[in-house]
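Please look at the structure below slowly, turning it as you read, and follow the paragraphs in order.

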Amino acid sequence: TLDQIQDFKGKYPRQIWSLFFSEMWERFCFYGMRGMLVFFMISQLHLDEKDANLQYGATQAFVYAFTFVGGIFADKILGFRKSLFWGGFLMIIGSVILSINPHTYFFLGISFTVVGTGFFKPNISTMVGKLYKSGDNRTDAGFSLFYAGINLGALLGGYFCVAIGKGEMFANLIPEDKRWNVAFGLAAVVMVISLINFIFTQRRLGPIGLQPLKILKDGSEVAIEKWKEYGVYVLSLIFVPLIMIMVAKTEYTDYFMYTVGPLTLLYLFYEMTKVSAVERSKLFAALIFILFSIVFWGIYEQSGGSLSIFAAQNLNQDLLGLDPNGVNNSGGAFFILLVAVPIGLLWIWLSKKKLEPNTIIKFGLGFLFLGLGFYAIFATKFFANAMGVTSLSIFTIALFIITLGEMCLSPIGLSIMTKLSTEKLQGMMMGMWFLASAYGQYVAGLIGANLATARENSSNLEKLNAYTSGYKDLGLYAIIAGVVLILISPLVKKLMHGVK
Ligand code: GLN
């Protein structure tokens, strides 16, 4: 039963390991795909860099935007487990399509994975929260561990898929014109492993993630009608071609972003009218976290865009001869693996001493680290040579500081969503948390484009100065946001009604 699961002894519930591995393989598939996108579009589909970047941004935004839809359907109709299977299944279809013929069916395959991720990603995170009783101070540590699983998958997938596709690995074993097929095929295989792992997990989850029941007027509960479940499956298939069209023409993505956020807010406000005053106030607190996280990701996600250009142009290899772009891509995941468990244990230790900062202060710290990290990127400028090439080592230190910020915000955000939302809105609120990431990705693209424009003819040194002064501004914004959060923390604490 649920109590047996939640009354576990020790630091972590044992079911968390199963969720850890399912999510790890899913992120392998996802980050493998993500790593291949821009490369494939430029080298194989012959898109120019600008279009490739825009379309990359659009897919990233849609992936995270769709988690909101996936979350709502899970709450209302499917339950978390069925959502997860359906999402995983769509991701497998998408990767199989890509592995059969990536050149012809590229956008079709990608759209399947976008919708699939929407059904998978928020709902597995919500299930992690369900392993804990409300108020259990081990929850944040659990999410830190889970976050390490995310990043282990990200590191492996991001590395292997791209390396195989580009022919840097197993080049002798795979004929040249089949490398991308194999790389996309690998994403499909790991996704199958993820689902098989989840099948074995299921038995140990008790009632967690089962399909919700419908409450009749007389208070009795009955199963959800089958046609509604099948309706969700059909509807999600209709989304696939729609997303395909919107990704191919990125103006549509703009319109989508302009409308979906406001509509979502309206919907949340509507749901808020149906709950008690205390629940409403907690949802409102959740919304504050969500809005701030947009700012966080908008700055943080420079890593996929402008920072990869910066890494290619302005960084040397003074760190063990490592490739600056490789470090920029996977350094964050590497550092998270290094610090996730120690930070989780630190939270437990601090809470035993009654010193654990509450969530909002942790968020504030997250922003301060993010800001310091961007100041450190700015500082690389003082180590540059006359050609505008500067130190990868200093940049790597900056990456480490930013990762500390990510650990104070991203896993904590997952955790606080499960704590602040009502039982019936868990999936939706987790979806909203990720929807904020969609906006973050979108904003990050705009900021990145802004940093990059009008500098095409400048020298490397001028580019270095322009980029680093942009990063200094971003650092300042992050620090301001952190200070604001810490200043309003007493207020938010009130809204949270005892949730920590
Ligand atoms: N890197 C984390 C993940 O993939 C967080 C992503 C996000 O919320 N933007 O789950």
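**A pair of helices and their surroundings**

The crossing of α8 and α14 is left-handed, a word used when the near helix is turned anticlockwise from the far one by less than a right angle, with right-handed for clockwise. This is a predicted model, in which local features need pLDDT of at least 70 and side-chain atom pairs count only at pLDDT 80 or more, while totals for chains, interfaces and linings use all residues. Residues are numbered from 1 along each chain as its sequence is written.

Helix α8 covers residues 250-273 and helix α14 residues 426-452, and they pack at an angle of about 155 degrees with their axes 11 Å apart. Here axes are lines fitted to C-alpha atoms, for helices over the stretch in contact, and angles run from 0 to 180 degrees between N-to-C directions. The two helices are therefore roughly antiparallel to each other, the term for angles over 145 degrees. On α8 the contact is made by M257, G261, T264 and L268, and on α14 by M432, L435, Y439 and Y442, where contact requires C-beta atoms, placed from the backbone, to lie within 7 Å.

The ligand is surrounded by R27, I150, W297, S410, F434 and S437, each having its C-beta atom, placed from the backbone, within 6 Å of it.

Seen as a whole, the protein chain has 16 helices and two strands, which are DSSP runs (helices H or I, at least four residues; strands E, at least two) numbered from the N terminus. Its C-alpha atoms fill a box of roughly 75 × 50 × 45 Å, taken along the principal axes.

Note on methods: Angles under 35 degrees count as roughly parallel, over 145 as roughly antiparallel, 65 to 115 as roughly perpendicular and the rest as oblique. Two residues are in contact if their C-beta atoms, placed from the backbone, lie within 7 Å.
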